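Please have the sequence and the 3D view open as you read.

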Amino acid sequence: MWIVRVDMSDRSYRLQDVSAAYKLLGGRGLTSTIVSEEVPPLCHPLGPNNKLVFAPGIVTGTSAATSARISVGGKSPLTGGIKEANAGSSWAPAVANLGIKAIVVEGQPKDKDKYWLIHLTWDAQAGKPKLEFLPADEYTGKDLYEVFPKLYARFGVKANIAACGVAGEYGYGNSGVCFNDMHQAPTRYSGRGGLGSVMASKGLKAIVADATGGPGVTIVDKALFDQGRKKLADALRSHAITKPKGGLNSYGTAILINILNEAGGLPTRNFSSGRFEGAAKIAGEAIFEGNKQRLGKELYNHACSPGCIIQCSNTWYGKDGKEQVSCQEYESVWSLGANCGIDDLDVTGELIRLCNAYGLDTIEAGTTLGVAMAAGVIPFGDGKGAIKLLHEMGKGTPQGRILGAGTATTGRVYGVTNVPVVKGQSMPAYEPRAVKGIGITYATSTMGADHTAGYTICPEILSVGGKADPLSPEGKAALSRAFQATTAFIDSTGHCLFIAFAILDIPSGFEGMVEEANAVLGANWTGDDVVKVGSAILKKERAFNEAAGIGKEADRMPEFMKLEPLPPHNQVFDVPDAALDSVYGEL
Amino acid sequence: MTEMTIDVWLYGALSRYGGAAREPSYAHLSVVLPEGSTMRNLLAKIGLPTEERGITFISAQLSAMPGLQPDLDHVLLDGDRVGLFDPRSMWPFQYRHGAAMCKEMERALNEEDTALHHSYEGDG
């Protein structure tokens with residue numbers, strides 16, 4: 001396998017053999033290692049010294065279930081720290097099947113107004129991947145729903161696309177890297193942390209990958225792989241959350257809207273309440289029933305990427321029975337719905353579609369609108385106003401640029417005190433004053449506030465939590481540490497994090513995940529190694545952040561959450577600083 | 001006998017027990033019960049067999065999961081909000097760690113040592 005080094009200063013590339021040190025790495029483990037070793041922590045995220053790294057996971061490209069994840073890494077323009085954002089897309093297995101372990105995009109062209117795309121294919125004669133650099137100016141300044149069909153028309157249906165939107169071209173802190181879904185639409189995002197801007201800063205508009213003729217992924221121990229694959233697939237097919245027509249397949253991730261609302265933990269109107277009176281109208285159940293009414297039949301969800309068993313992605317159909325958008329995810333419906341006081345799925349659908357079109361992260365976009373609403377720019381609940389503000393972002397007007405810089409910047413510009421961010425990145429859809437375990441992870445994650453940073457699997461095997469009482473602040477901190485390490489491991493395998501729901505409860509599924517990775521790599525990891533491997537990744541990320549000036553002082557919740565009790569529980573975030581410090585202090 | 005009013009939300013397929021308050025994906029109704037009534041009494045009043053419910057909340061406290069229903073004798077209070085979900089609904093541990101639950105639920109999870117798990121044993 002190769003690491004592809006792309007230098008955008010002169011549009012050259014070279015294929016590098018994978019060094020011994022990188023042999024056992026993949027996905028997040030590889031992107032974070034390359035970033036921490038090669039990117040100067042104090043560099044400007046949009047300058048020539050930052051790098052953008054793409055890495056499929058360890059088992060991505062094989063027949064391992066639910067494993068088509070691509071990890072994207074770099075220094076974040078939003079947080080100023082290290083960033084890893086991953087997405088599910090056919091782009092990931094395509095790159096893996098070309099024999100590529102990572103693509104490292106370096107340098108910067110002198111001419112800042114020119115954009116290029118890379119056409120990545122298999123050179124059968126030479127027996128290695130080939131990259132062509134093609135002018136891409138015709139694709140800039142445009143809606144990605146216009147760009148993707150043009151690229152497919154030009155490169156054919158076997159193409160897989162990674163691209164930035166106009167949000168990246170403007171250099172927004174809120175800008176994702178967009179990948180194609182199974183219907184060739186621009187809907188799958190490595191959304192968080194502004195990596196779309198890093199891509200655009202290199203004059204790189206898109207990487208179009210076609211794996212035709214590629215060698216595929218080498219599996220060292222085929223029998224072990226088949227055994228592990230079966231164990232994990234069986235776990236996913238039998239668990240209530242992940243099985244076909246189970247919770248995620250029926251209702252999608254938005255199944256959590258009503259649940260968190262009843263729990264008093266659904267952040268509402270810029271984190272001023274844990275309850276939204278309109279929640280039931282925008283929940284997963286409402287999406288399911290709404291589609292049923294509009295289509296005249298039940299519609300179950302689909303896979304975002306090849307080989308997924310869970311299949312949690314939904315499509316929302318408009319009043320005319322035509323597809324409006326994919327996907328009304330929990331986080332997106334919450335951020336652009338409840339968090340903005342909006343209770344209409346047609347409005348959240350349009351807001352999500354605009355985020356996809358412009359290259360914006362839906363979470364950061366919704367929390368930014370929430371802060372703008374708190375400032376009185378438009379009232380809470382004003383769907384038309386929210387749509388207009390997203391268009392301002394898409395057009396790059398002065399106000400749009402303020403909003404595009406993200407939630408923290410918008411709060412500063414408008415003088416808002418209640419700004420729900422940690423390390424400059426906004427919080428997702430779980431109120432930390434109501435669900436305190438996740439609050440510890442928001443505060444301490446190397447990524448800024450992030451709901452995907454702390455997943456757990458099989459606690460008996462991992463002995464997570466150690467001896468501390470899991471209900472004490474110290475116990476919660478120990479759990480958060482183990483969860484973050486576990487997550488870093490899953491993010492390295494190339495599996496979707498949602499496999500964790502099943503393998504938290506089904507030990508054979510967990511064993512299957514470890515066996516698959518061992519089989520591909522020829523490694524000998526045991527269950528105990530999962531936390532060790534994950535911890536090693538976290539240490540690198542943490543060291544990068546500290547060198548970038550983001551130390552433990554940044555592992556804090558915004559002050560208003562410690563001062564203002566949140567209804568209906570009327571609790572503040574009261575986890576002591578010492579407990580927060582122990583998460584990484586004792587790593 | 002003094003009466004009390006319970007604010008009841010039925011989600012997903014359970015909306016069919018909502019009578020006139022039924023919407024396609026939920027039902028929101030006020031149920032009047034004698035003071036001192038329990039969750040069991042509430043379910044009987046709306047005609048909902050307890051095995052048909054999954055995740056349940058009593059005033060923002062988790063009180064039941066599919067296959068784990070320690071709340072049947074929980075005494076409800078006037079003004080309580082009760083949220084009842086379809087067994088297909090879910091709340092992964094990852095997103096409920098540290099959330100509030102009623103005393104009966106806390107005890108049940110600790111006794112069975114399943115506090116870190118998803119309790120979906122009752123789900124076919």
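In chain A, strand β9 (residues 160–164) and strand β12 (residues 204–209) pair in the antiparallel sense, and four bridges hold the pairing. Keep in mind, as you look, that this is a predicted model.

With strand β10 (residues 177–180) of chain A it forms an antiparallel pairing over three bridges. Here you can pick out Ala162(A), whose bridge partner in β10(A) is Phe179(A).

How many of the residues of β9(A) are buried? Five of its five residues are, so the strand is mostly covered, with a residue counting as buried when 20 or more other C-beta atoms lie within 10 Å of its own. Follow the side chains along the strand and you will see Asn160(A), Ala162(A) and Cys164(A) pointing one way, while Ile161(A) and Ala163(A) point the other way. Residues on either side of β9(A) are buried.

Now move to another part of chain A, where six strands make up an open sheet. Reading across, their order is β2-β1-β6-β3-β4-β5, and the pairing is mixed. In general, strands of a sheet pair through backbone hydrogen bonds, either parallel or antiparallel. Which strands form the edges of this sheet? They are β2 (12–17) and β5 (82–88) of chain A, each of which pairs on one side only. On average, neighbouring strands of the sheet are turned by 20° against each other, with direction ignored.

Within this sheet, look at strand β3 (residues 52–56) and strand β6 (residues 100–106) of chain A, which run antiparallel and are joined by three bridges. Val53(A) makes a handy landmark, as it stands opposite Val104(A) in β6(A). Packed on the sheet is helix α1 (residues 27–38) of chain A, which touches β3, β4 (69–75), β5 and β6 of chain A. The direction of α1 makes about 15° with that of β4(A).

Finally, step back to the whole chain. The domain assignment divides chain A into domain 1 (2–209), domain 2 (252–419) and domain 3 (436–497 + 524–585). Between domain 2 and domain 3 of chain A, the C-alpha centres lie 26 Å apart. Where these two meet, nine residues of domain 2 are in contact with seven residues of domain 3. On the domain 2 side of that contact, three residues are nonpolar, five are polar and one is charged.

Notes: Residues are numbered from 1 along each chain as its sequence is written. Chains are lettered from A and ligands numbered from 1 in the order in which they are written. This is a predicted model: local features need pLDDT of at least 70, side-chain atom pairs count only at pLDDT 80 or more; totals for chains, interfaces and linings use all residues. A residue is buried if 20 or more other C-beta atoms lie within 10 Å of its own, exposed if 12 or fewer, and partly exposed in between; C-beta atoms are placed from the backbone. Helices (H or I, at least four residues) and strands (E, at least two) are DSSP runs, numbered from the N terminus. Two strands pair if DSSP finds at least two bridges between them. Axes are lines fitted to C-alpha atoms, for helices over the stretch in contact, and angles run from 0 to 180 degrees between N-to-C directions. Domain bounds come from an automatic or database domain assignment. Ala, Val, Leu, Ile, Met, Phe, Trp, Tyr, Cys and Pro count as nonpolar, Asp, Glu, Lys and Arg as charged, and the others, Gly among them, as polar.
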